[in-house]
Amino acid sequence: MADMTAISIPVEKSRPIVNVSERHEARVAWMLAAPAMILIVLFILAPVVAVITLGFTDFELGYSTFKFIGFENYAELMGDRTFRQSLWNTAVYTAIVAPASILLGLGVALLIESEKLGRSFFRTAYFLPVASLLVAMATVWQYLLHPTIGPVNSLLNLMGLPGPNWLGSAGTVLYSLSMIGVWQTVGFNMILFLAGLTAIPRDLYAAAEIDGAKSSLDRFFLVTLPMLGPTTVFVTAISIINAVKVFETVKTLTEGGPNKASEVLLFTIYQEGFVYLRVGYASAMTVVFLAVLVVMMFAQYRLVDRKVHY
């Protein structure tokens, strides 16, 4: 009987069948996302790259040439007394405005949420500083805090108390600007907290009351505060960012004075870049400013965000 020789027949691997409709949907998705991606590249990524690059140059406005100088701008920053002062002033301003505006915004939101009559009026009244033109409001504050004709000092004089030079004294100017910053930010935080309070299910309060939480304070710590965790994280991030990038009130009211007692980081960057025209040096300051924001947001994530239940 003849031997049967096994003949191996090559089997062609099956190719994945590509769904034509899925490819069409992918093309449409890229087409729809393309305008937003182009805008992000042009107005966010490209300026950031440009600022980082200019920070390593001696570029000045009005000069057609510049050269790369490495880390000389950053070395100069370390010995710049004005930069250190503005960095300290920004830290103090943020340490006052961010916590105060968060606590007051939460308190106002709780009061408005519990109020049945006039809720819309109080929402509008507290949100008015956010919607108003800041430069105009700063002018109003300049009148209110005027050392001689201002209503604040006039009221203090009626009470037998001496009225300080709020915006003209190095000892009070930063605290005065912080008070204005709190006034400006409370309304915005209030709206965010109101949105968070509205999203809390009312059944949780009834369940907490059945479990023994009889007082409003007990229900606040057992239900309201934990459920407001995500909102609080967001409000904290926004408040810190807004406080760090304060500029308009300083520019309008004090110009960084007196004796640089109210000069903040963004105002120093503005002075170096648009007054002294040292764009390279101002870019190095901007990189430090962005680094400070990134570090603060990362610290917030490590300390706060991980403890929040979403």
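Reader: How far does helix α10 (residues 229–244) reach from its first C-alpha to its last?
Author: This is a predicted model: local features need pLDDT of at least 70, side-chain atom pairs count only at pLDDT 80 or more, and totals for chains, interfaces and linings use all residues. Helices are DSSP runs (H or I, at least four residues), numbered from the N terminus. α10 has 16 residues and an expected span of 22 Å, taken as 1.5 Å times one less than its number of residues. Its actual reach is close to that, at 23 Å.

Reader: OK, and S178: buried or exposed?
Author: Residues are numbered from 1 along each chain as its sequence is written, and side-chain values use heavy atoms, with hydrogens and water left out. S178 sits in helix α7 (residues 173–198). Its relative accessible area is 1%, and the cut-off is under 20% (1.4 Å probe, protein chains only), so S178 counts as buried.

Reader: Which residues does S178 touch, beyond those up to four places away in sequence?
Author: Contact means heavy atoms within 4.5 Å. Leaving out residues up to four places away, S178 touches Y93, I96 and V97.

Reader: At roughly what angle do the axes of α1 and α13 cross?
Author: Axes are lines fitted to C-alpha atoms over the stretch in contact, with angles from 0 to 180 degrees between N-to-C directions. Those of α1 (residues 20–54) and α13 (residues 279–303) come within 7 Å. V51, I52 and L54 of α1 meet V279, G280, S283, T286 and V287 of α13. The axes cross at roughly 115°.

Technical notes: Helix = DSSP H or I, 4+ residues; strand = E, 2+ residues; numbered from the N terminus. Buried < 20%, exposed > 50% of the residue type's maximum accessible area, 1.4 Å probe, protein only.
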